[in-house]
Amino acid sequence: MDAILEAVRATPDLPPFTMTDEVVNCHHNYVSQEMHFGEEVFVTRKGAVRAGRGDLGIIPGSMGARSFIVRGLGNRDSFMSCSHGAGRSMSRTEARRRFTIAEHEAATAGIECRKDADVIDETPGAYKSIDAVMAAQNDLVEVVHTLHQVVCVKG
């Protein structure tokens, strides 16, 4: 994190910024040994992140949508978890069949990202509405910050 912040601060085209003591370190697709309902269990979070009371997390939208910094509400019934992002509404194969590069370029207009055939399966239309996903988990997290995408780095 320190190396990233140093590199960002050294970029002359960015405005100055300050950093707080809060760092969001949020990974997904992992197994964790935790206590739930009085038992020690293994929780597999596939496409999910921990949302214990006060935990900070990141819930990204698609390449063209907003993303969110959230604080977990510690919902016991969800095993203190929430979704990791918008989630696909169609398979990668279907997205490659359905969308064109021109449609992908239009959907990601104003966002610096790849706009070639190798990422067509990541086009925004291949994902669920981030607004619907966030509304469905308002008992799991509260939104702390809304991020408006300007750059999306995808393999």
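**Figure 1. Overall view of the predicted protein chain.** Of the 155 residues in the protein chain, 35% are buried, where buried means under 20% relative accessible area, exposed over 50%, and partly exposed in between (1.4 Å probe, protein chains only). The model is predicted, so local features need pLDDT of at least 70 and side-chain atom pairs count only at pLDDT 80 or more, while totals for chains, interfaces and linings use all residues. Residues are numbered from 1 along each chain as its sequence is written, and side-chain values use heavy atoms, with hydrogens and water left out. The protein chain contains four helices and seven strands; helices (H or I, at least four residues) and strands (E, at least two) are DSSP runs, numbered from the N terminus. Their pattern along the sequence is α-β-β-β-β-β-β-α-α-α-β. The C-alpha trace spans about 55 × 40 × 25 Å along its principal axes.

**Figure 2. The open sheet of strands S4, S5 and S7.** These three strands are arranged in the order S4-S5-S7 with antiparallel pairing; two strands pair if DSSP finds at least two bridges between them. Strand S4 (56-59) and strand S7 (141-147) each have a single partner strand and stand at the edges, so one side of each is left without a neighbour in the sheet. From one strand to the next, the twist averages 30 degrees, with axes taken as lines fitted to C-alpha atoms and angles running from 0 to 180 degrees between N-to-C directions.

**Figure 3. Bridges made by strand S5.** Strand S5 (residues 67-72) is joined to S7 by six bridges, and serine 67 has leucine 147 in S7 as its bridge partner. Four bridges join S4 to S5; here glycine 57 is partnered by valine 70 in S5. Strand S5 is mostly covered, with five of its six residues buried.

**Figure 4. The hairpin of strands S1 and S2.** Seven bridges connect S1 to S2, and the two strands run antiparallel. Histidine 36 is positioned opposite glutamate 39 in S2. Two residues lie between the strands of this hairpin, in which phenylalanine 37 adopts a positive phi near 55 degrees.

**Figure 5. The aromatic pair of phenylalanine 37 and phenylalanine 79****.** A search of the whole structure finds one aromatic pair. Rings of Phe, Tyr and Trp (its six-membered ring) pair if their centres lie within 6.5 Å; planes under 30 degrees apart count as stacked, over 60 as edge-to-face and the rest as tilted. Phenylalanine 37 and phenylalanine 79 are edge-to-face, at 5.6 Å centre to centre and with 75 degrees between the planes. Phenylalanine 37 lies in the loop between strand S1 (30-36) and strand S2 (39-45), and phenylalanine 79 in the loop between S5 and strand S6 (81-83), so the pair ties together parts that are 42 residues apart in sequence. Phenylalanine 37 counts as partly exposed at 45% relative accessibility, and phenylalanine 79 counts as partly exposed at 35%.

Figure 6. Phenylalanine 17 is found in the loop between helix H1 (2-9) and S1. With 31% relative accessibility, phenylalanine 17 counts as partly exposed.
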